[in-house]
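Reader: Hi! Could you walk me through this structure, in plain words?

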Amino acid sequence: MFHYNNDSDGDKAVVTYNRKIQKYIVNTQERWLIIHSPSNTTTSSSTTTAVLVFHGSTSATDDTANDPLFAVRRFERNYDTPYFRQHREWHGYTMIYLAARLEDGWFCWENNNGRQHSPDGNDAKFVQAIGEEFVFDKIYALGFSGGARFVWKHRELFDAIAPIAGGLAPSLRHNEATTTTNDCIPAVVFHGDQDTFNDIQANRDSVGGTKNIANAHPSKRQSIIKTKGI
């Protein structure tokens with residue numbers, strides 16, 4: 001259990017957290033996640049909000065290939081305490097780290113682009129299973145690299161997305177004639193222009209195309225897309 005308190009604001013309630021590893025069976029396949037959930041859920045209305053985190057594609061070694069939690073635990077270890085923990089515990093929302101599956105030596109997502117898992121729909125069903133078990137008013141998605149490409153692809157599953165250093169596969173980009181409401185899901189997008197691994201232009205094209213769709217269909221537009229580094 002973790003605990004954070006900011007003494008500068010006496011009106012803020014303390015939010016304590018439990019960390020739990022959980023297994024799902026999705027169409028006969030084992031799926032894993034790490035959930036940080038508030039233990040005193042009456043302290044904040046934010047406890048009805050969840051942020052789902054999708055790590056980037058991660059190579060496996062002979063020592064790690066048999067550990068389905070290797071990639072997600074490594075990502076959690078690198079980013080949770082320095083970046084996410086204080087914000088999460090201050091605002092009181094649930095954060096769920098999802099684990100990708102192993103294929104051809106990589107833990108990766110179905111994203112139709114770059115290093116990806118063979119498409120069988122299991123990743124999306126995994127997200128849906130989480131939404132069915134927990135009662136959240138809002139579910140947001142934060143994706144990195146290959147995880148960013150996944151949240152772009154399946155933005156219809158979320159109330160808003162935050163892709164970082166990963167764009168929507170060209171084959172999945174819609175135009176004004178084929179757009180749906182799902183194309184106008186709110187997004188905040190980040191990408192460094194010195195990234196030598198993930199093509200920043202793919203993210204620029206994803207943002208530009210989605211902006212054009214939103215502008216062409218104002219009735220479907222939910223918010224302006226905000227970008228950083230794009």
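This is a predicted model: local features need pLDDT of at least 70, side-chain atom pairs count only at pLDDT 80 or more; totals for chains, interfaces and linings use all residues.

Reader: Good to know. How many helices and strands does the chain have?

Author: The chain has four helices and 12 strands. Both are DSSP runs numbered from the N terminus: helices are H or I with at least four residues, strands are E with at least two.

Reader: And what share of the residues counts as buried?

Author: Of the 230 residues, 45% are buried. Buried means under 20% relative accessible area, exposed means over 50%, and partly exposed is in between, with a 1.4 Å probe and protein chains only.

Reader: Let's take strand 6. Is strand 6 enclosed or open to the outside?

Author: Strand 6 (residues 94–98) is largely enclosed by the rest of the structure, because five of its five residues are buried. Thr94, Ile96 and Leu98 are buried on one side, and Met95 and Tyr97 are buried on the other.

Reader: Why do the residues split into two sides like that?

Author: In a regular strand, side chains alternate between the two faces of the sheet.

Reader: Which strands pair with strand 6?

Author: Strand 3 (residues 29–38) pairs with strand 6 in the antiparallel sense, over four bridges, and Leu33 has Leu98 as its bridge partner there. Strand 4 runs parallel to strand 6, joined by five bridges, with Val53 partnered by Tyr97. Two strands count as paired if DSSP finds at least two bridges between them.

Reader: Does strand 4 pair with strand 9 in the parallel or the antiparallel sense?

Author: Parallel: strand 4 (residues 49–54) and strand 9 pair over six bridges. Within that pairing, Phe54 stands opposite Gly143 of strand 9. Strand 9 also runs parallel to strand 10 (residues 160–164), and five bridges join them. Phe144 has Ile164 in strand 10 as its bridge partner.

Reader: Is strand 9 enclosed or open?

Author: Strand 9 is largely enclosed by the rest of the structure, because five of its seven residues are buried. Lys138 lies in strand 9 (residues 138–144), and Lys138 is partly exposed, at 38% relative accessible area.

Reader: What does Lys138 touch?

Author: Leaving out residues up to four places away in sequence, Lys138 touches Thr48, Thr49, Ala50 and Asp159. A contact means heavy atoms within 4.5 Å. Lys138 and Thr48 are 90 residues apart along the chain, yet their C-alpha atoms are separated by 6.9 Å.

Reader: New topic, helix 1. Where does helix 1 bend?

Author: Helix 1 (residues 70–91) bends by about 75 degrees at Asp80, and Pro82 follows within four residues. The bend is the angle between axes fitted to the seven residues ending at a residue and the seven starting there. The buried residues of helix 1 include Phe75, Asp80, Phe84 and Trp90. Just after the helix, Gly92 takes a positive phi of about 85 degrees.

Reader: Which non-glycine residues have a positive phi?

Author: Thr28 is one of them, with phi near 75 degrees, and Ala165 is another, near 60 degrees. Thr28 sits in the loop between strand 2 (15–26) and strand 3, and is exposed at 75% relative accessible area. Ala165 sits in the loop between strand 10 and strand 11 (188–190), and counts as buried at 15%.

Reader: Last one: how much space lies in the largest pocket?

Author: About 290 Å³. Of the 16 residues lining that pocket, Gly56, Phe75, Tyr79, Phe144 and Ser145 are the closest to its centre. Helix 1 gives the most to the lining, with five residues.

Reader: How do you define a pocket and its volume?

Author: On a 1 Å grid over the protein atoms alone, a pocket is an open set of points where a 1.4 Å probe fits, with protein on both sides within 12 Å along at least five of seven lines; lining residues have an atom within 4 Å of a point. Grid points are joined across faces, edges and corners, and the volume is the space filled by probe spheres set on them.

Technical notes: Residues are numbered from 1 along each chain as its sequence is written. Side-chain values use heavy atoms; hydrogens and water are left out.
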